[in-house]
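This report covers the ligand shell and the sheet of one structure. The sequence and model follow.

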Amino acid sequence: MFEVPVNDSIYLRQLQLQDAPLVYKQLDSSRKSLRKFLPWVDYNTNEEHSLRFIQLMLRKAEEQEAVALGIWYQQEFCGVLDLHGWDHQLQKAEVGYWIGEPFQGKGIVTAACKALITFAFKKLRLNKIEIRFVLQNERSGQIPIKLGFAREGILRHSAKLHGQYVDMVVMGVLRQDWKH
Ligand SMILES: CC(C)(COP(=O)(O)OP(=O)(O)OC[C@H]1O[C@@H](n2cnc3c(N)ncnc32)[C@H](O)[C@@H]1OP(=O)(O)O)[C@@H](O)C(=O)NCCC(=O)NCCS
């Protein structure tokens, strides 16, 4: 099981099946803020959907394709951080994240990403991490900026949000440039 301590108040641990009620509860209570930039939120309407997500991610972890970690803040579950698109030939993966509304704006996701990316470079021997976000999601974009990622480009019309095509920004960092 993947476990990544972050600091005195934040801890990351791979999501397990029994976490499904916690994940769903946090998602459901922050639905309004999360659905703005995460298209799948509207399709996640009961605990069973969170359970299926965790099952899928556990399977992908066995194949070393992806890993989903819960974020615990002061012992309370608050959000999810994941590695996906894990490419073994290129030693590259993408990081994704969401956090419940009461926990937003406290620097939790930035600190959690920093620890996960250090873990990915040191323990998983990855060479590159990417973060992709919808162009208008400035809050999400602050995270790779604060962590020293380079802006690599814009993928036009590469996601659909509430029926509209939207552009995605791609930011990346190489192991050789990771100073944290
Ligand atoms: C995006 C998200 C993950 C950020 O997590 P977080 O823990 O709140 O982020 P942090 O507190 O670590 O950092 C956010 C930074 O953005 C800044 N910020 C906040 N609101 C902002 C806004 N509207 N525009 C620009 N920057 C903003 C904050 O000031 C902070 O920077 P600072 O620490 O220098 O002040 C979280 O808000 C979230 O889950 N949002 C909804 C889901 C989502 O968009 N997920 C990302 C999909 S790519």
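By class, how many nonpolar, polar and charged residues does the shell around the ligand have? The shell has ten nonpolar, eight polar and four charged residues; Ala, Val, Leu, Ile, Met, Phe, Trp, Tyr, Cys and Pro count as nonpolar, Asp, Glu, Lys and Arg as charged, and the others, Gly among them, as polar.

The model is predicted: local features need pLDDT of at least 70, side-chain atom pairs count only at pLDDT 80 or more, and totals for chains, interfaces and linings use all residues. Residues are numbered from 1 along each chain as its sequence is written.

The ligand is surrounded by 22 residues, where near means that the C-beta atom, placed from the backbone, lies within 6 Å. Gln104, Val109, Thr110, Glu138 and Gln142 are the closest.

H5 contributes the largest share, six residues.

Eight strands form an open sheet of mixed pairing, in the order S1-S2-S3-S4-S5-S6-S8-S7; two strands pair if DSSP finds at least two bridges between them. S1 (3–5) and S7 (150–161) are the edge strands, each pairing on one side only. S6 (residues 128–134) and S8 (residues 164–174) run antiparallel and are joined by seven bridges. Lys128 stands opposite Leu174 in S8.

Conventions. Helix = DSSP H or I, 4+ residues; strand = E, 2+ residues; numbered from the N terminus.
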